Amino acid sequence: MAGAESDSQFQFTGIKKYLNSYTLTGRMNCVLAAYGGIALLVLYSKLRSKKNPAVKAS
Amino acid sequence: MNENLFASFITPTMMGLPVVIIIIMLPSMMLTSSNRLLSNRFHTFQQWVVKMITKQMMSIHSPKGQTWCLMLVSLIIFIGSTNLLGLLPHTFTPTTQLSMNLGMAIPLWAGTVFLGFRHKMKSTLAHFLPQGTPIPLIPMLIIIETISLFIQPMALAVRLTANITAGHLLMHLIGGATLVLTSISPPTAMITFIILVLLTILEFAVALIQAYVFTLLVSLYLHDNT
């Protein structure tokens with residue numbers, strides 16, 4: 001599997017430097033961002049359901 | 001007939017005590033070790049088998065992965081010998097129990113995953129996103145890869161359970177059919193008997209192949225994470 005030696009052949013700029021599907025770091029950051037996004041969604045829906053107890057009752 | 005079909009898969013007890021522990025230990029009790037440099041045929045054959053498995057399975061691994069050599073060789077010998085002993089009539093096969101196979105699959109898989117996270121965190125996390133994935137597909141693919149990771153131990157256990165259980169059930173059914181057909185139509189009984197013999201030969205192969213597949217997959221997960 002390609003490792004650190006293949007990361008240097010890709011020259012990204014801007015946000016693509018940190019979030020891309022080619023370099024090891026980019027892929028790791030995409031995965032962490034995806035998990036973070038899912039965690040935030042779950043947290044948001046839990047807080048929203050706590051805020052509106054009438055929604056639960058109906 | 002229906003009740004008899006699944007009777008061989010019930011965990012055996014003797015006077016209320018579970019003998020399944022002795023049954024699980026039986027293959028290891030049969031495969032003894034020798035303290036001599038040049039031992040008898042049986043031990044020499046055992047050593048040859050272990051050497052062949054070690055060379056075949058462990059050559060692809062890094063030194064860190066090769067520390068699992070004892071575990072993997074023991075695993076393949078245990079599953080292979082348990083499956084083969086289960087082909088004897090009226091025996092109980094522990095590998096037909098999903099509980100036992102999950103008990104083998106989950107700790108081994110989890111061990112490889114934790115090893116990967118411990119020693120190669122970046123590479124292990126990056127593994128969840130195949131290289132070159134188009135941007136719109138990234139979130140969906142990460143979720144799919146995560147689900148496929150967690151399905152791995154389930155697939156390992158269920159594959160072994162289903163293969164061994166199905167084989168034993170088929171042998172039981174075809175054997176029963178042969179017996180019944182003997183009095184009704186001997187030529188048909190002869191055909192079913194030939195099918196039974198072929199199936200038994202297949203089951204011998206399946207017993208060894210399933211042991212190899214289980215261990216090979218654990219070895220591959222280990223290779224991915226070391």
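## Loop residues with positive phi

B:H90 is found in the loop between helix 4 and helix 5 of chain B, where helices (H or I, at least four residues) and strands (E, at least two) are DSSP runs numbered from the N terminus. Although B:H90 is not a glycine, its phi is positive, at about 60 degrees. B:H90 counts as exposed because its relative accessibility is 87%, given that exposed means over 50% relative accessible area, buried under 20% and partly exposed in between (1.4 Å probe, protein chains only).

B:M15, also not a glycine, has a positive phi of about 55 degrees and lies in the loop between strand 1 (13–14) and strand 2 (17–18) of chain B. With a relative accessibility of 80%, B:M15 counts as exposed.

## Basis of the values

The model is predicted, so local features need pLDDT of at least 70 and side-chain atom pairs count only at pLDDT 80 or more, while totals for chains, interfaces and linings use all residues. Residues are numbered from 1 along each chain as its sequence is written, chains are lettered from A and ligands numbered from 1 in the order in which they are written, and side-chain values use heavy atoms, with hydrogens and water left out.

Leaving aside neighbours within four places in sequence, B:L156 is in contact (heavy atoms within 4.5 Å) with B:A105, B:F214, B:L217, B:V218 and B:Y221.

## Interface of chain B and chain A

In the contact between the chains, 16 residues of chain B meet 17 residues of chain A. The area buried between them (accessible area, 1.4 Å probe, that two parts lose on being put together, summed over both) is about 1,400 Å², of which carbon and sulfur atoms give 72%. B:K122, B:L125 and B:Q131 supply 38% of the area that chain B buries against chain A, more than any other three residues.
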